[in-house]
Amino acid sequence: MYRKFLGVAVVAGIAFAGSAAEARDQIRIVGSSTVYPFATVVAEQFGKTTQFKTPVIESTGSGGGLKLFCAGVGVEHPDITNASRRIKKSEVEKCAKNGVTDVTEIKIGYDGIVMANAKSAPQMKITKQQIFLALAKNIPDGKGGLKENDNMKWSDVDPSLPNKKIEVLGPPPTSGTRDAFAELALEGGCKTFDFIKAMKKSDKKKYKAVCHGIREDGAYVEAGENDVLIIRKLEANADAFGVFGFSFLDQNADKVQGSVIGGVAPEFDSIADGSYPVSRPLFFYVKGAHVGKVPGIKEYVAAFTAEKTFGPDGTLSDKGLIPMPDAERKKFQKDGEMMANNISM
Amino acid sequence: MTDAVMTEMQSSNQTRRERAANASEAVRRGLKKRYAAEARFRAYGIGAVGIALACIVVLFTTIISSGLPAFTETTITLNVELKQEDIDPEGTRDASTLINANYRKLVFDTLRAEFPDVTKRRDKRALTAILSSGAAYQVQQAVVEDPSLIGQTVTFELPVSADFDLYEKGVINKKTAEADRRVSDQQMAWFDTLEERGLIETGFNTTFFTHADSREPELAGILGATMGSLFTMLVTLALSFPIGVCAAVYLEEFAPKNRLTQIIEVNINNLAAVPSIVFGLLGLAVFINFFGLPRSAPLVGGMVLALMTLPTIIIASRAALKAVPPSIREAALGLGASRMQVVTHHVLPLAMPGILTGTIIGMAQALGETAPLLMIGMVAFIVDIPGGITDPATVLPVQVYLWADSPERAFVARTSAAIMILLTFLIFMNALAVVLRKKFERRW
């Protein structure tokens, strides 16, 4: 009896293996966990309002998504990848090496990165330079050189800031949010020191290490990819600050408040018009070779780039996505329609 | 014996007696200390049990208290007039016409009719935000299923959007400043009016048990993940149980005891301690990349988890087989049974309760696993309820993870509710293991 059971299992296994390599009738999407909440909304609507199946969306992170995306052409590889940063040159090359040459880039809008604290504490007003001085690993020593960051309190950075211990909860290095925060907030503050700015030309590697290096002495706490968790921790600890995407601030405005950076508060309008300094574009990339092979890709892109989806009054703006200006939206609507290969670098 | 030896012995006897007296003195002195040490040791033990229990109580109370609101849902009762000219103006009753009709407008107009004085576009939008985006689909489904409804006025119980569901449950309330909450004062007033008119109802949340994942919390359900878990577990069981039991029987009953079997044994024990993510990587490399099996499928998930549970099952089965007394084997052999007959007729049935217990515990472990599934694409947003082992699917712990990471406030309760369901499954499986053991266990 046991032998028979085993036999059946083996036969069944072989039968499945044989049937697996057939064509796919469902779009497969991978990529950024930041774009995931937006892409899933579109996918769900798309599945309900068209005759196509609802796309399957995996949350793999921007880097992981592009790696899967660039692995090759064929139904076993994903059709679309979401990214919270632009595709890198090395990734374009990797794609090309594996035969993925026809790629359409669609920018979907902006996401602000906010620094926030509990509502019970006063709102912080800070500049990018102060953020850099509070969170960077190495800071200028005032004599033209660099020293290990020794600012323990916000008031050490600048007397106008509160006399509280520096404690910032943020995402780990694997996260796209962290990359963008380092690039926009830290580097933005870092550049304000002329000798570091000069370094960009003379020693680019060192410049990047100085401007993107976040301190590791406990003032910056890596709190994992889960932004909901960060918000809970902020609620419990009024002295701590958190770094996360604007959509989480938008949904939890009764619990946390965004810090004013460079005189601009993180609000829908200030991110949309570009005056809020820490915001980044979000993208997805479509594999041209799969259009026509997997049904619905063109229609999905059209649904994503429709005015009622990513426009100013669209469904995605309800979810916290900041829409692009009209001209930019038009451009990407057209690119999506033509499936233009627009990532040549 | 010489005298010298005798005297030596006597003297040594004497010193021994002296020593004994000294020792008992020492023991008496130390006794109090020893009792105190024992009392402390017990106190530590009780303390440890107490801490563990307190943790469990805290865990369960937080999960249950934050999860309970997810089991009720708020609905709004609307009498929607399904006019022929709005849905199917030409009267063709064609399926695609019925699907594509503008049901959104129908339900929105019905709600707006409740407040004829709301005329500004902005206010109208704010008003219809009360309705979930799933409301239109519910009407659509009803019409597609039964086109004879067209032309009638039908009463629907439609879901309200998650923010208003939270308002009804008191999570969003007037205490917070208007700018900081997602429901404005005006919207609250409208909602309260609807409630006064008796249109708002709170009932058991059936959506949660009949739907798969959704980005709208009020439309999200656990059924998709439950089915995914079920299919995955079926594959895991179908593979790991027969293979595990066969391996255990061979190693225990037939295999010669030599170097090779020793190495195999050590390796099986090591395998049981390998981190589960490693099995995920193996699954990605072998099952998906080499054999070309589909991503996100319970088939591959089940195969990966089967690899993970195999060592547990083999070790438990071998222990169960070892516990069957040799006299039973010898008696059967003595009566002329072949070795295979001894195993299948006598040893295996007697060892079965132990084997099943080990299998169920291994399966319960696999049920709670997420790490290996990340690699093979089962951490995904899947709206369709899987119908088989090759359909894309996700599993219960992954659903917990995905909801825990969603920005919408209403997912907090749903996360806890999903945890409760997962725990129910685990407790059920562990209870089954206990029952099997108690019922069929035999002692010799």
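This is a predicted model: local features need pLDDT of at least 70, side-chain atom pairs count only at pLDDT 80 or more; totals for chains, interfaces and linings use all residues.
Residues are numbered from 1 along each chain as its sequence is written, and chains are lettered from A in the order in which they are written. Local features need pLDDT of at least 70, side-chain atom pairs count only at pLDDT 80 or more, and totals for interfaces use all residues, while side-chain values use heavy atoms.

Colleague: How much area do chain B and chain A bury between them?

Modeller: Happy to start there: buried area is the accessible area (1.4 Å probe) that two parts lose on being put together, summed over both. Carbon and sulfur atoms hold 54% of it, and the total is about 4000 Å².

Colleague: Which three residues supply more than any other three of the area that chain B buries against chain A?

Modeller: Their share is 16% of the area on the chain B side. The three are B:F381, B:P407 and B:R409.

Colleague: Which residue of chain A meets B:E216 in a salt bridge?

Modeller: A salt bridge is a side-chain nitrogen of Lys or Arg within 4 Å of a carboxyl oxygen of Asp or Glu, and the count between the chains is 5. For B:E216, the N to O distance is 3.7 Å, and the partner is A:K319.
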